[in-house]
Each structure stands twice: as structure tokens, then as C-alpha cells.
Amino acid sequence: MKSDEYRKAIGAKVRIARRARGISVERFALMVGIDRNYLRDIEYGRANPTVDVMAKISDGLETPVWELMNPTKDSRS
């Protein structure tokens, strides 16, 4: 798997988890303290988030970082 495929798979997992909780991009970005455009870029695999940013996202989603960082076939878009 190439790095851009990993970014897309991880971003898809973040997007799916956020949507499952019924939280908008704008609201979630405010909740976790990151820019909404940066969050969108993460969700669509255009950004390469740091471990610190992934920790904020996982805390906000109440999901372990390892679960978000484990790309699986069902999360690829």
C-alpha cells in the first residue's frame, strides 16, 4: 500500500466515525482544536496529520488511535 492510499484509508475511517456520531466537520474541528479545512484534508487523504493531531481526533471520537490508523479494505475510498 502506498502512503497516499494509507492517508485516504485513515481519513475515511475518521470521516466515517465522525459522521456516525452525527457531528459536522465544523463542530468536530472546534471540539478537537484543529482547523476545519485541515480536518477536511485529513478526511480526504490530502493531509498527513501528526501523531498529536491524530491523538486529538481519536480523543474527540473516543476511538483508539490504533483503530483509526489501521487501514482496512472497508474504509478505502
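A pocket, as the word is used here, is an open set of grid points, on a 1 Å grid over the protein atoms alone, with protein on both sides within 12 Å along at least five of seven lines. In this predicted model, the largest pocket has a volume of about 170 Å³.

The lining of the largest pocket is made up of 14 residues, and those that lie nearest its centre are Ile10, Asn48, Pro49, Met54 and Met69. Two helices, H1 (3-20) and H4 (51-61), each supply at least two residues of this lining, and the largest share, 5 residues, comes from H1. By residue class, the lining divides as follows.

| Class of lining residue | Number in the largest pocket |
|---|---|
| Nonpolar | 9 residues |
| Polar | 4 residues |
| Charged | 1 residue |

Helix H4, which contributes to the lining of the largest pocket, also packs against helix H2 (residues 25-32), at an angle of about 110° and with the two axes 9 Å apart. Because angles of 65 to 115 degrees count as roughly perpendicular, H2 is described as roughly perpendicular to H4. The crossing of H2 and H4 is right-handed.

As for annotation, an unreviewed UniProt entry places the feature "domain: HTH cro/C1-type" at residues 14-68.

Technical notes:
Residues are numbered from 1 along each chain as its sequence is written. This is a predicted model: local features need pLDDT of at least 70, side-chain atom pairs count only at pLDDT 80 or more; totals for chains, interfaces and linings use all residues. Side-chain values use heavy atoms; hydrogens and water are left out. On a 1 Å grid over the protein atoms alone, a cavity is a set of points where a 1.4 Å probe fits but cannot get out, and a pocket is an open set with protein on both sides within 12 Å along at least five of seven lines; lining residues have an atom within 4 Å of a point. Grid points are joined across faces, edges and corners, and a volume is the space filled by probe spheres set on the points. Helices (H or I, at least four residues) and strands (E, at least two) are DSSP runs, numbered from the N terminus. Ala, Val, Leu, Ile, Met, Phe, Trp, Tyr, Cys and Pro count as nonpolar, Asp, Glu, Lys and Arg as charged, and the others, Gly among them, as polar. UniProt positions are given in the numbering used here, feature names are shortened, and annotations may be inferred rather than shown by experiment. Axes are lines fitted to C-alpha atoms, for helices over the stretch in contact, and angles run from 0 to 180 degrees between N-to-C directions. Angles under 35 degrees count as roughly parallel, over 145 as roughly antiparallel, 65 to 115 as roughly perpendicular and the rest as oblique. A crossing is left-handed if the near helix is turned anticlockwise from the far one by less than a right angle, and right-handed if clockwise.
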